[in-house]
Amino acid sequence: IVHDELDLPLGRLKVKLGGGLAGHNGLRSIKSHLHSDEFARIRIGVGKPLSSEHGKHHVLSKIPKAERELLDVVVERAADAIEAIATDGVDAAMQKFNSLDG
């Protein structure tokens, strides 16, 4: 599963297996369908808004151009992470992608 993550700085990518839902409605829906939260995730940081009340607006609003350019690069890295999970497994993908900066 590839998803946006408020708890990561803008442009940061992390691979994770399982974990909590952190109020993410998309993850909640996936867990409900799978009857488990033990699925591989590629989390793409979108940064935190000033307050939690603005989270929905933050992830649904238009992305400024400078941020869009950064996120375009991260989405390409996310595709590479998907391939790494498929070929080498989640643990290897976590070692490769979670240690990279930004």
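Me: Is K65 buried or exposed?
Reply: This is a predicted model, and the values are computed from it. The relative accessibility of K65 is 65%. The cut-off for exposed is over 50%, so K65 counts as exposed.

Me: Which residue does the side chain of K65 meet in a salt bridge?
Reply: Side chains of opposite charge can pair when their charged atoms come close. For the side chain of K65, the N to O distance in the salt bridge is 4.0 Å. The partner is E69.

Me: Is E69 buried, partly exposed or exposed?
Reply: Buried means under 20% and exposed means over 50%, with partly exposed in between. E69 has a relative accessible area of 45%. That makes E69 partly exposed.

Me: How far apart are the closest N and O atoms of R68 and D72?
Reply: R68 and D72 are four residues apart in helix α3, so about one helical turn separates them. R68 is partly exposed at 33% relative accessible area, and D72 is partly exposed at 36%. The two residues form a salt bridge, and their closest N and O atoms are 2.8 Å apart.

Me: Which residue forms a salt bridge with R43?
Reply: R43 lies in strand β3 (residues 40–45). The closest N and O atoms of the salt bridge are 3.1 Å apart. The partner of R43 is E5.

Me: How many residues apart are R43 and E5?
Reply: The pair links distant parts of the chain. R43 is in strand β3, and E5 is in strand β1 (residues 2–5). Their separation in the chain is 38 residues.

Me: Are R43 and E5 buried or exposed?
Reply: The cut-off for buried is under 20% relative accessible area. R43 has a value of 15%, so R43 is buried. E5 has a value of 10%, so E5 also counts as buried.

Me: Which residues does R43 touch, not counting residues up to four places away in sequence?
Reply: One of them is E5, whose side chain also makes a polar contact with the side chain of R43 at 3.1 Å.

Me: How many salt bridges does a search of the whole structure find?
Reply: R43 pairs with E5, K65 with E69, and R68 with D72. The search finds three.

How values were computed: Residues are numbered from 1 along each chain as its sequence is written. This is a predicted model: local features need pLDDT of at least 70, side-chain atom pairs count only at pLDDT 80 or more; totals for chains, interfaces and linings use all residues. Side-chain values use heavy atoms; hydrogens and water are left out. Helices (H or I, at least four residues) and strands (E, at least two) are DSSP runs, numbered from the N terminus. A polar contact is a pair of N or O atoms within 3.5 Å; within protein, one must be able to donate a hydrogen and the other to accept it, and residues adjacent in sequence count only if both atoms are side-chain atoms. Contact means heavy atoms within 4.5 Å. Buried means under 20% relative accessible area, exposed over 50%, partly exposed in between (1.4 Å probe, protein chains only).
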